[in-house]
Amino acid sequence: MNISEEHEYNTLRNEILNEMQMQTNLRIAMVTVSIAVLSFAFENESSTLFMLNFIVIIMFRLLIHSKQFGILKLSAYIIVRFERNCRNLKWESVSLSHSLIEKSKISFYKIRNWGYYFASMLGIITIILYVYDLKLKDDLCWFNIIMVCAGIIVILFLDFAFDNKRIRERYIKEFEKML
C-alpha cells in the first residue's frame, strides 16, 4: 500500500469514528429534546404536546439511522478497497466477521446500542403520560389510542428493523461490482 492509499484508508477510518461520535451526540440530543418536550407538555397541561414527542423521537432515529448507513457504506468500501488486498489491514473485516464482541457475552454491545432502547422507553413513557393525561381529562377515545399505538410501532420498527451486518454485506457486493 502506497502513501496515498494509506492516507485514504486512515481518512476513511477517521470518518467512521467521527460518524460514530455524531450518532452518540444525536442520541444525547434526542434524550434532551424529548425530556424538554415532555416537561413542556406537563407545564402546559397539553395532551397534544405529548404526541409531539413521538415526532421528535422518530426524526432523531431517522437521523441516527442515516449516520449508521453512512458508516456501513464506508466500512464496506474499506473492506473491498483496502482490506481484501492487504494482510495487515483488517480493522473493518474483523468488525464484520466477529461483530467485535459476541452479543451475548458482554454488555458493551448493549451499551453501544443504548439509543435504541432509550428511544423505545421514551416512546413507552410518552404513551403512559399521554393516556394518563387524557384519562384525567375524560378525553380518551379510540382515535387517541390508535395514534399512540401507531407512534410506538413506528419507533420500535425504526429501532429493531435494520440488520447492520446484512446491510454492510449488501454494500460490499455493490462495491465489488464497481471496483
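Visitor: Which residues touch the most other members of the largest nonpolar core?

Guide: In soluble globular proteins, nonpolar side chains tend to be buried together. Here the largest nonpolar core has 23 residues, of which Phe-50, Phe-54, Tyr-130 and Val-148 touch the most other members. Such a core is a set of buried Ala, Val, Leu, Ile, Met, Phe, Trp, Tyr and Cys residues joined through side-chain atoms within 4.5 Å; buried means under 20% relative accessible area, exposed over 50% (1.4 Å probe, protein chains only). This is a predicted model, in which local features need pLDDT of at least 70, side-chain atom pairs count only at pLDDT 80 or more, and totals for chains, interfaces and linings use all residues. Residues are numbered from 1 along each chain, and side-chain values use heavy atoms, without hydrogens and water.

Visitor: Which element gives the most to this core?

Guide: α2 does, with nine residues.

Visitor: How do the axes of α1 and α2 cross?

Guide: The axes of α1 (residues 3-44) and α2 (residues 47-83) come within 9 Å and cross at roughly 170°. The two helices are therefore roughly antiparallel, a term for angles over 145 degrees. Their contact comprises 27 nonpolar, six polar and ten charged residues.

Visitor: Where do the buried residues of α7 fall, seen down its axis?

Guide: An α-helix has 3.6 residues a turn, so residues three or four places apart point the same way. In α7, Ile-167, Arg-168, Tyr-171, Ile-172 and Phe-175 are buried. They fall within an arc of 145°, so they line one face of the helix. The face turned away from this buried side carries the exposed residues Lys-173 and Lys-177.

Notes. Helix = DSSP H or I, 4+ residues; strand = E, 2+ residues; numbered from the N terminus. Arc of directions from axis to C-beta. Axes fitted to C-alpha atoms, helices over the stretch in contact; angles between N-to-C directions. Parallel < 35°, antiparallel > 145°, perpendicular 65-115°, else oblique. Nonpolar A, V, L, I, M, F, W, Y, C, P; charged D, E, K, R; others polar.
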